[in-house]
Amino acid sequence: MSLRFGVLGLIADEALHGYEVKQRFEDMLGGTWDVNIGSVYQMLQRLERDGLVEAVGERGDRGRQAYRATRAGRTVVAEWLSGPDKQPELLRDEVYVKVLLLARAKDPDTERIRQVLDTQRRAYLQRLRDLADQERAARNGGGAAGASLALLFQAGRLHTEASLKWLDACAEELAGL
């Protein structure tokens, strides 16, 4: 997800200063994405330059400036929210590169590839346990925020289950070599 749309979406609801945007963004994602405050302020400057947000009111304590979405900014967010994700799943996980590098060697070491797959399997299984715990905690937190956060952790769990299936497919392929 783009930080641009996360920031713009948050200030489309109400005027916020950068630190509030950072806190709400991180809270919304259950602490799964730590945002650098400098990145938030840089994004606010870009959004202001593009006419999608505007400063409101006087600078507060510590020089904090609140921003709100302009009409154009709210339109851009509404269009983004109603459209599909334009980027397919990026195949950039390190394990993909590791397996591909090991498999393309002149004389592939299938035992070493199996070790990489086994190590990754253990990491994925631990991730599944962690995500299940986080999902359960979010659901127990109650309310709409807890339910939506539980959906985020469920998505992570389902993606991890798919990654485990890929490891199984790799192991089957290796067995055929």
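A polar contact is a pair of N or O atoms within 3.5 Å; within protein, one atom must be able to donate a hydrogen and the other to accept it, and residues adjacent in sequence count only if both atoms are side-chain atoms. The model toured here is predicted: local features need pLDDT of at least 70, side-chain atom pairs count only at pLDDT 80 or more, and totals for chains, interfaces and linings use all residues. Residues are numbered from 1 along each chain as its sequence is written, and side-chain values use heavy atoms, with hydrogens and water left out.

**Helix 1**

Select Ser2 and Arg4 at the start of helix 1: a side-chain oxygen of Ser2 lies within 3.0 Å of the backbone nitrogen of Arg4. Helices (H or I, at least four residues) and strands (E, at least two) are DSSP runs, numbered from the N terminus. Next, select residues 3-13, which form helix 1; Leu3, Phe5, Gly6, Val7, Leu8, Leu10 and Ile11 are buried there (under 20% relative accessible area, with exposed over 50% and partly exposed in between; 1.4 Å probe, protein chains only). Display also strand 1 (16-17), helix 2 (18-28), helix 3 (37-49), strand 2 (53-56), strand 3 (66-69) and helix 4 (71-82), against which the buried residues of helix 1 pack.

**Thr70**

Move to the loop between strand 3 and helix 4, where Thr70 is found. Thr70 counts as buried because its relative accessibility is 14%. Leaving aside residues up to four places away in sequence, Thr70 touches Gly51, Leu52, Val53 and Glu54 (contact means heavy atoms within 4.5 Å).

**Helices 5 and 6**

Select helix 5 (residues 94-103) together with helix 6: they pack at about 170 degrees, with axes 10 Å apart. Axes are lines fitted to C-alpha atoms, for helices over the stretch in contact, and angles run from 0 to 180 degrees between N-to-C directions. The pair is therefore roughly antiparallel (over 145 degrees; under 35 is roughly parallel, 65 to 115 roughly perpendicular and the rest oblique). Helix 5 contributes Val95, Lys98, Val99, Leu102 and Ala103, and helix 6 contributes Arg112, Ile113, Val116, Leu117, Gln120 and Tyr124.

**Helices 6 and 7**

Now select helix 6 (residues 110-141) and helix 7 (residues 143-175), which pack at about 165 degrees with axes 8 Å apart. Helix 6 and helix 7 are therefore also roughly antiparallel to each other. Finish at Thr160 in helix 7, which counts as buried at 3% relative accessibility. Thr160 touches Tyr124, Arg127, Leu128 and Leu131, residues up to four places away in sequence not being counted.
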